[in-house]
Amino acid sequence: MATIIDDVSRTFSEYLLIPRLTRKGQTAEGVDLKTPVSAVRGNHAPGFLMNVPIVSACMQSVSGSRLSIALARQGGLGFIFCSQSVASQAEMVRQVKSHKAGFVQSDTNATSDMTLDEVIRLMKESGHSTVPVTDDGTSSGKLVGIITDKDFWQYEDDLSRRVSQHMTPLTDVIFGPDGISLREANQLLHQHKKECLPIVDEQGNLTALVFKKDYEDHRRHPQELLDESKRLCVGAGINTHDYEERVPALMDAGADVLCFDASDGFTEFQAEGIAWMRSRYGDDVVIGAGNVVSAEGFDYLVERGADFIKVGIGGGSICITREQKGIGRGQASALLEVAARRDAYHEETGRYIPICSDGGLANDTQIVVALAMGADFVMMGRYFAMTEESPTPKTSINGQIYKPYWGEGTRRAQNWQRYSDAMETRKLIFEEGVDAYVPFVGPVSEVLETTLYKLRSTMVNIGSDTLSEFRERAILTKVSEQSVVEAGTGSVFKFNSNAEVESSGWGQA
């Protein structure tokens, strides 16, 4: 007969943190939220660290390039979804890597014989006000000048005039030589009081642009997650069917972290994929594996070479794996078991494996609880699907603004690669997710600011300055139904300025 586990399958909502001593001088601003993503060996520093413990799910309705850019600027990591062509996913990764690269490849270029009207259309389409002028109109042609929206008056000048009649010619352009450091480039911008510095090679070809606004933008986002070349970091989802083609393309595009996207990752398929990547890239690639809900699953994937393990099956707001297949586990129970095994494995081997709690998070409080229970970082879908930067369009329903949100296991996602049984027909035999709407909440920066401040504030209540200290000092208590009622505001009604009843948390899907 089947083995029965005595403990019940528990969720994050069943626990609260007990306050510990807060020391004098502790402040939320002084809390360090850095966390490892890659495996840590002995006393060595992690190969890859995040500045905040939050990543976005590998989902079509969540992690496009725009969301990944916004999240990296706040110190987290977006995982570009893999349920698309290899070329399309690699291009999304490139967009993130080039968005805030310090040295940016120009994506809007003109020729000297174009008309002002044509340049204005280019500027409107791209949103750029500075356009390099090259001999062939490409981003790598010979630089002949620069034209900006300050070089003409749109409503006064004859728009049929040529760019050559209004641009700043190369002889008057301040530019930097190819190979110059970013610091030296910014010094040239400062010295010559320029907004844009073209970078030109020995043959006179344009290779990149450096903008003053990027320097200022970085100063406004000190938590930005950047690689060694000052480019934004980005992750990418992979599957077990085409990794031999997909992984090289993603690595060439600049992906910093790769992660298998699967509802159940305790499989020989993932073991083979990890082995293939290690044989080809060694430790130069950061590999996430999962999802698992047990110590057994953790051990299996770690022993095959995974850098971090995703924990959770069926806990997502749009995931129906548990009811469809009868597999899964309450997210808190799964995380507690895997975290305990992670700590024991660390004691046994000296190798620390970060774990990612994926799913089962309904509000900011539960993010805090997940990190207290042992997660090094959390992965979320709905949280980001509700933001301005998620890939889906806003829509009005009964006067309220919503965004579409669907799971990777739905027919809408057309994610046939996720299910090996459907490889022949390329269609889903049954769904493991739902297609829904979530309320629009605003930009990622504003939503994350609130979440992270709550986390830092709670960590101060526990007397901890780092996430590792938070996990060590955390004491959790189970809650009863009556204590949940006691904690709420069930006996009063809250109204906003429009006399509407307010909801709490992230809204209802």
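Predicted model: local features only at pLDDT ≥ 70, side-chain atom pairs only at ≥ 80, totals over all residues.
Arg341 forms a salt bridge with Asp299, and the closest N and O atoms lie 2.8 Å apart.

## Other salt bridges

The whole structure contains 23 salt bridges. One of them joins Asp307 to Arg278, with 2.6 Å between the closest N and O atoms. This pair, 29 residues apart, connects the loop between α8 (295-303) and β16 (308-311), where Asp307 sits, to helix α7 (residues 268-281), which holds Arg278. Asp307 is buried at 5% relative accessibility, and Arg278 is buried at 17%.

Lys454 and Asp364 form a salt bridge at 3.0 Å, N to O. Lys454 lies in helix α13 (residues 444-461) and Asp364 in helix α11 (residues 364-372), 90 residues apart. Lys454 is partly exposed, with a relative accessible area of 42%, whereas Asp364 is buried at 9%. Elsewhere, salt bridges with shared partners join Lys97, Asp227, Arg231 and Asp256 into one network.

## Surroundings of Lys34

Lys34 occupies the loop between β1 (15-17) and β2 (35-36). Its relative accessibility of 41% makes Lys34 partly exposed. Leaving aside residues up to four places away in sequence, Lys34 touches Met50, Asn51 and Leu467. Lys34 and Leu467 are 433 residues apart in sequence, yet their C-alpha atoms are 7.5 Å apart in space.

How values were computed. Residues numbered from 1 in each chain as written. Heavy atoms only, no water. Helix = DSSP H or I, 4+ residues; strand = E, 2+ residues; numbered from the N terminus. Buried < 20%, exposed > 50% of the residue type's maximum accessible area, 1.4 Å probe, protein only. Contact = heavy atoms within 4.5 Å. Salt bridge = Lys/Arg side-chain N within 4 Å of Asp/Glu carboxyl O.
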